Amino acid sequence: MATEEFKPALIVVDLQEDFCPPNGSLAVNEGRDVVPVINSLLKLPFAAKIATQDWHPANHISFAANHPGKEPFVSTCTVVNPSNAAESYETRLWPVHCVQDTPGAALLPELDVSGIHVIVQKGTDHRVEMYSAFYDPLKQPRVSDSGLTAQLRGKGITDVYVVGLAADYCVQSTAVDAQAEGFKTYLIEEGTRAVDPVAWEERIKAEVEKAGVRIVKLDSPEVQRLYKQ
């Protein structure tokens with residue numbers, strides 16, 4: 001009997017200064033604590049090791065500072081498809097973060113980037129929010145696509161493991177989209193932290209699993225098989 005093909009990829013989501021203490025403008029509590037776990041994963045024989053980087057222009061739509069009278073964390077705005085006014089969605093507004101070519105947009109220096117094969121920059125179109133490493137939420141037509149799906153398929157990837165920041169935003173969206181694109185997808189809990197840990201535990205984890213993503217631990221069989229390749 002032929003064994004099932006297993007060609008895994010690791011996606012390290014947005015491990016950047018602005019998402020981490022002590023100085024990040026949108027710091028996730030304990031965000032830096034995931035680095036040792038991720039560095040250890042980067043030593044494993046993944047067929048593709050990808051880091052993503054939020055890479056916003058200064059006029060990005062998600063910045064509350066670009067909407068007079070709006071406040072970060074509490075205010076929202078409506079994102080309208082620039083090619084189809086009938087399609088829109090509501091998004092939360094944030095402090096200015098990860099602006100292109102600023103210190104806050106840099107990957108953490110303690111991340112072992114020597115193990116990274118590709119860096120995918122996302123959120124580069126000022127008109128749309130893009131939590132996912134794959135594409136924005138708009139579909140008719142899509143506004144921004146990173147090309148990540150094509151990269152993974154080109155390498156014959158079968159399974160995708162996702163870590164990074166933040167669990168309840170960009171990690172969640174990346175994992176759900178990877179699953180939707182046909183990859184068996186795993187979110188490794190020790191390799192992520194959430195903006196809102198309570199909502200993550202009480203609601204969002206179940207939503208991620210409902211989408212088909214497996215939420216796993218380092219000692220789970222899905223992760224342990226990586227050490228046996």
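What is the volume of the largest pocket? The largest pocket has a volume of about 440 Å³. The rest of this report sets that pocket in its surroundings.

## The model

This is a predicted model: local features need pLDDT of at least 70, side-chain atom pairs count only at pLDDT 80 or more, and totals for chains, interfaces and linings use all residues. Residues are numbered from 1 along each chain as its sequence is written, and side-chain values use heavy atoms, with hydrogens and water left out.

## Pocket and cavities

Rolling a probe the size of a water molecule over the atoms shows where empty space is left. Here the search uses a 1 Å grid over the protein atoms alone. A pocket is an open set of points with protein on both sides within 12 Å along at least five of seven lines. A cavity is a set of points where a 1.4 Å probe fits but cannot get out. Lining residues have an atom within 4 Å of a point. Grid points are joined across faces, edges and corners, and a volume is the space filled by probe spheres set on the points.

The largest pocket is lined by 24 residues. Closest to its centre are Tyr131, Asp168, Tyr169, Gln172 and Ser173. Strand E4 (84-92), helix H3 and helix H4 (197-210) each give two or more residues to this lining. H3 supplies the largest share, five residues. Helices (H or I, at least four residues) and strands (E, at least two) are DSSP runs, numbered from the N terminus.

The structure also holds two cavities of 30 Å³ or more. The largest cavity has about 140 Å³ of space. Its lining has 14 residues, and Phe19, Leu26, Tyr131, Tyr169 and Cys170 lie nearest its centre.

H3 is mostly covered, with twelve of its 14 residues buried. Buried means under 20% relative accessible area, exposed means over 50%, and partly exposed is in between (1.4 Å probe, protein chains only). Among the buried residues of H3 are Asp168, Tyr169, Gln172 and Ser173. After H3 comes Gly182, whose phi is positive, near 100°.

Helix H1 (residues 35-42) is largely enclosed by the rest of the structure, because six of its eight residues are buried. They are Val35, Val37, Ile38, Asn39, Leu41 and Leu42. Their cover includes strand E1 (8-13), strand E2 (48-54), strand E6 (159-165) and strand E7.

## Nonpolar cores

In soluble globular proteins, nonpolar side chains tend to be buried together. A nonpolar core is a set of buried Ala, Val, Leu, Ile, Met, Phe, Trp, Tyr and Cys residues joined through side-chain atoms within 4.5 Å. The largest core here has 63 residues. Leu15, Leu152 and Tyr161 have the most contacts inside it. H3 (residues 167-180) gives the largest share of this core, six residues. A second, separate core of eight residues includes Cys77, Val79, Leu93 and Val128.

Contact means heavy atoms within 4.5 Å. Not counting residues up to four places away in sequence, Leu152 touches Ala9, Ile50, Phe134, Ile157, Val160 and Phe183.

## Cysteines without partners

How many disulfides does a search of the whole structure find? The search finds zero disulfides; a disulfide is a pair of cysteine sulfur atoms within 2.5 Å. For Cys20, the nearest cysteine sulfur is that of Cys98, 9.4 Å away. Cys77 is in no disulfide either, and the sulfur of Cys170, the nearest, is 15 Å away. Cys20 is buried at 0% relative accessible area, and Cys77 is buried at 7%.

A polar contact is a pair of N or O atoms within 3.5 Å. Within protein, one must be able to donate a hydrogen and the other to accept it, and residues adjacent in sequence count only if both atoms are side-chain atoms.

Thr76 sits in strand E3 (residues 76-81) and is partly exposed at 31%. Its side chain makes a polar contact with that of Glu90 (2.8 Å). Glu189, in E7 (residues 184-193), is buried at 16%. The side chain of Glu189 makes a polar contact with the side chain of Lys205 (3.2 Å).

Most residues other than glycine have a negative phi, and most peptide bonds are trans. Pro21 and Pro22 are joined by a cis peptide bond, with omega about 5°. Another cis bond joins Leu165 and Ala166, with omega about -15°.

Phe73 has a positive phi of about 80° and lies in the loop between E2 and E3. Cys98 has a positive phi near 50°.
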